[in-house]
Amino acid sequence: MLQTCLYLFEHLFFFQLLSDYMQLLESLKWRYATKKMNGQRVPQEKIDYILEAAYLAPTSSGTQPYRVIVVTNRELLEKIKVVANNQPQITDCSHLLIFAAWDNYTAERISHIFQITEQERGVPTGTMENYKNMLIGAYTSRSAEENFAHTARQAYIGFGLAIAAAAEQQVDATPMEGFDNAALDQLLGLPEKGLKSVTLLPIGYRDAENDWLVNLKKVRTPKEEFFIHYD
Ligand SMILES: Cc1cc2nc3c(=O)[nH]c(=O)nc-3n(C[C@H](O)[C@H](O)[C@H](O)COP(=O)(O)O)c2cc1C
């Protein structure tokens, strides 16, 4: 009897795992780069879930060298739309996420995250000194341009997870690079914060009746081309 229970439990657990796995893929098939949103507000718990996914994203050495700006102010969204090629999702969305990366690595920025890590893990101050100094030495000897290319790549990881989390919540989102980065940075005062915009992610709900893309087939490169195997 006990053995039968264990057998059933193991198999149920396996099928649960399998269905969770399938669910992510189903959500990714459901999502698309929404072209027209309907202005409906996304519940706060779903927004929190999407933000949490970006927050938990891995980053190189754990520095989290980017910030996620959340805009719901309608006047500001109107201004952002102008510098984003007038893409309508900017004002028809519920929340606009802006992924903005550090404009450079500095000793202060790197030290700050190590200070937090030592505190949170309850280890003596200085425990991570060697690793921290190695990073500071490596990063601060590079140009700001090279460092921004690195911080922006970290931002894309959070951006990707936010896109997947939105899909999981059956919330639409449009990944966007189609905007004037310098103009947006000025508009939001990002240079004073040491940040540069990387991507936009309007979040909301599709206007299925008026979105030309909603019923078009999702197209991807054939898998034989896309995946390269060395067996
Ligand atoms: C980094 C990035 C930038 C993009 N920029 C825009 C954009 O500015 N405006 C837009 O409508 N779609 C934009 N897209 C959406 C892509 O065109 C879309 O993801 C791609 O064609 C695949 O289609 P799907 O997302 O519907 O599966 C962008 C996507 C990514 C990942």
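Start by selecting arginine 31 and the ligand: an N or O atom in the side chain of arginine 31 is 2.7 Å from an oxygen atom of the ligand. Such a pair is a polar contact, meaning two N or O atoms within 3.5 Å; within protein, one must be able to donate a hydrogen and the other to accept it, and residues adjacent in sequence count only if both atoms are side-chain atoms.

This is a predicted model, in which local features need pLDDT of at least 70 and side-chain atom pairs count only at pLDDT 80 or more, while totals for chains, interfaces and linings use all residues. Residues are numbered from 1 along each chain as its sequence is written, and side-chain values use heavy atoms, with hydrogens and water left out.

Stay at the ligand and select lysine 218, where a side-chain N or O atom is 2.5 Å from an oxygen atom of the ligand. At glycine 178, a backbone N or O atom lies 2.9 Å from a ligand oxygen. Now show the 13 residues around the ligand; Arg31, Lys35, Gln87, Lys218 and Arg220 come nearest.

Next, zoom out to the whole protein chain. Its C-alpha trace spans about 55 × 55 × 40 Å along the principal axes. The chain has nine helices and four strands; these are DSSP runs numbered from the N terminus, helices being H or I with at least four residues and strands E with at least two. From the N terminus on, their order is α-α-β-α-α-β-α-α-α-β-α-β-α.

Now select α5 (residues 107-121) and α6 (residues 129-140). Their axes are 10 Å apart, and the helices pack at an angle of about 160 degrees. Axes are lines fitted to C-alpha atoms, for helices over the stretch in contact, and angles run from 0 to 180 degrees between N-to-C directions. The pair α5 and α6 is therefore roughly antiparallel, a label for angles over 145 degrees. Show the side chains in contact (heavy atoms within 4.5 Å): among them are Ile110 and Phe114 in α5, and Leu135 and Ile136 in α6. The residues of this contact divide into seven nonpolar, two polar and three charged. For these classes, Ala, Val, Leu, Ile, Met, Phe, Trp, Tyr, Cys and Pro count as nonpolar, Asp, Glu, Lys and Arg as charged, and the others, Gly among them, as polar.

Move to α2 (residues 44-55) and α7 (residues 144-168). Here the axes are 8 Å apart and the angle is about 150 degrees, so α2 and α7 are roughly antiparallel. Tyr49, Ile50, Ala53 and Ala54 in α2 meet α7 residues including Leu161 and Ala165.

Finish with α3 (residues 74-82) and α8 (residues 181-188), whose axes come within 9 Å and cross at roughly 155 degrees. That makes α3 roughly antiparallel to α8. Select Leu76, Lys79 and Ile80 in α3, which meet Leu184, Leu187 and Leu188 in α8. The contact of α3 with α8 has five nonpolar, no polar and one charged residues.

Terms used: Parallel < 35°, antiparallel > 145°, perpendicular 65-115°, else oblique. Near = heavy atom within 4 Å.
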